[in-house]
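Please find below a note on the structure under review.

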Amino acid sequence: MTHPLTRVLTLLELLQSNARLTGTELADRLDTDVRTVRRYVSHLRELGIPVEAERGRHGGYRLARGYRMPPLVLTNDEALAVVLGLLAAERLGMGTTAPASAGALAKIGRVLPHSLREPLAAMRETLSFTANAVIGQTPGTGVLLALAQASRAGTTVGISHQSWRQEQTERDIDPYGVVFHTGRWYVVGHDHLRDSLRTFRIDRVASTTPRTRRFTAPVGFDPVAHLTSTLAQGAYRWEVEVTIHGPLDEIARRLPRSAVTLTAQPAGVLMRARADRLDGMAHLLASLEWPFTIHHPDELRQALKDLADLLTAAAQRQPEEPPR
């Protein structure tokens, strides 16, 4: 918050949110001094915003009684789109380090006309989701925006990155794209330190530094496809290969892209996946409507037989009979 205009706008927001604040309180919140606060108040008055000053030991600043900022000019459809977008982002775990969604919703609620405020408040209070909320790994707002801008501009960026082993490294990357996936933000690009294509979690990037070097992303490169393929090939105990005898498009809609890779073949669709537990893979295969052939591991066959035994026992159990 170093730019004077940013501080002036923040001062206005503080005065809107509080009945009265002293010069010292405002100076602390703006990270400046009381004399500068007086100058910012003068700027607001020059813009026609009536800021009243109370003199004396316990004096302070406040907006003139009855003054309200003009209502935000949004149509019903536009206001609904903004509110639903903020609620969905919160549900999907797409937040940043600050409680941005809650703050934005509060500000919109303050400036919308009453005819829109009440229906949208009702929407917030009654809206339900079928999917569970995602606990997101929140990145820094400045880091996220810097990576997105570097990706669009095609400029290299320096990052300070901390690995899952808590190892800190400084490296330059060419960001090909930013991807949000199941509660986490990622940046995919060329890592100059390793001279290879890499994926980094953005919540582990502490800071960014712009570089002057420019780059061109590979033609047709798909950051989403690369990320999901990389995650599907993580370090797991079991490597699974199964041919599913069904149409590729329908199978792809039923299986999570982050967990499997699918390849069309004459006999069907070859599914490759990795898993920590084979009972979960057995449940996944049993949920499909198409027959399948297991290539490996053989232990997956036993996991399916165990699941079949559980289902058979459940089918034969009478209402009064407790489960064994």
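1. Basis of the note. The model is predicted, so local features need pLDDT of at least 70 and side-chain atom pairs count only at pLDDT 80 or more, while totals for chains, interfaces and linings use all residues. Residues are numbered from 1 along each chain as its sequence is written, and side-chain values use heavy atoms, with hydrogens and water left out.

2. Helix α11. Helices (H or I, at least four residues) and strands (E, at least two) are DSSP runs, numbered from the N terminus. Helix α11 covers residues 299-316, 18 residues in total, and reaches 26 Å from its first C-alpha to its last, close to the 26 Å expected at 1.5 Å a residue. The expected span of a helix is 1.5 Å times one less than its number of residues.

3. Buried means under 20% relative accessible area, exposed over 50%, and partly exposed in between (1.4 Å probe, protein chains only). Leu300, Ala303, Leu304 and Leu307 are the buried residues cited for α11. Viewed down the axis of α11, its buried residues fall within an arc of 95 degrees, so they line one face of the helix; the arc is that of the directions from the helix axis to the C-beta atoms. Lys305, Asp309 and Gln316 are exposed on the other side of α11. An α-helix has 3.6 residues a turn, so residues three or four places apart point the same way. The buried residues of α11 pack against β8 (238-244), α10 (278-286) and β11 (292-296).

4. The nonpolar cores. A nonpolar core is a set of buried Ala, Val, Leu, Ile, Met, Phe, Trp, Tyr and Cys residues joined through side-chain atoms within 4.5 Å. The largest such core has 22 residues, of which Val240, Val242, Ile244, Met271, Met281 and Leu300 touch the most other members. The elements that give two or more residues to this core are β8, β10 (268-275), α10 and α11. Apart from this core lies another, of 17 residues, among them Val8, Leu14, Tyr61 and Leu63.

5. Leu300. Which residues does Leu300 touch, not counting residues up to four places away in sequence? They are Val240, Val242, Leu278, Met281, Ala282, Leu285 and Ile294, where contact means heavy atoms within 4.5 Å.

6. Helix α7. In α7, Val143, Leu144, Ala146, Leu147 and Ala150 are buried. Seen along the axis of α7, the buried residues fall within an arc of 165 degrees, so they line one face of the helix. On the other side of α7, Gly142, Gln149 and Arg152 are exposed. The cover over the buried residues of α7 includes β3, β4, β5 (184-191) and β7. Gly154 follows α7 and has a positive phi, near 70 degrees.

7. Salt bridges. A salt bridge is a side-chain nitrogen of Lys or Arg within 4 Å of a carboxyl oxygen of Asp or Glu. By this rule there are 12 salt bridges. One of them joins the side chains of Asp172 and Arg211 (3.0 Å, N to O). This pair links distant parts of the chain, with Asp172 in strand β4 (residues 168-181) and Arg211 in strand β7 (residues 205-214), 39 residues apart. Asp172 is buried, at 17% relative accessible area, whereas Arg211 is partly exposed at 35%.

8. Further charged pairs. In the salt bridge between Arg254 and Glu289, the closest N and O atoms are 3.1 Å apart. Here too distant parts of the chain are linked: Arg254 is in helix α9 (residues 248-254) and Glu289 in the loop between α10 and β11, 35 residues apart. Glu289 is exposed, with a relative accessible area of 59%. Arg20, Glu52, Glu54 and Arg62 are linked in a network of salt bridges.

9. Ser160. Ser160 lies in strand β3 (residues 155-162) and is buried at 8% relative accessibility. Its side chain makes a polar contact with the side chain of Glu170 (3.0 Å). A polar contact is a pair of N or O atoms within 3.5 Å; within protein, one must be able to donate a hydrogen and the other to accept it, and residues adjacent in sequence count only if both atoms are side-chain atoms.

10. Gly85. Gly85 is in helix α4 (residues 76-92) and is partly exposed at 38% relative accessibility. Gly85 and Ser101 are 16 residues apart in sequence and 9.4 Å apart in space, C-alpha to C-alpha.
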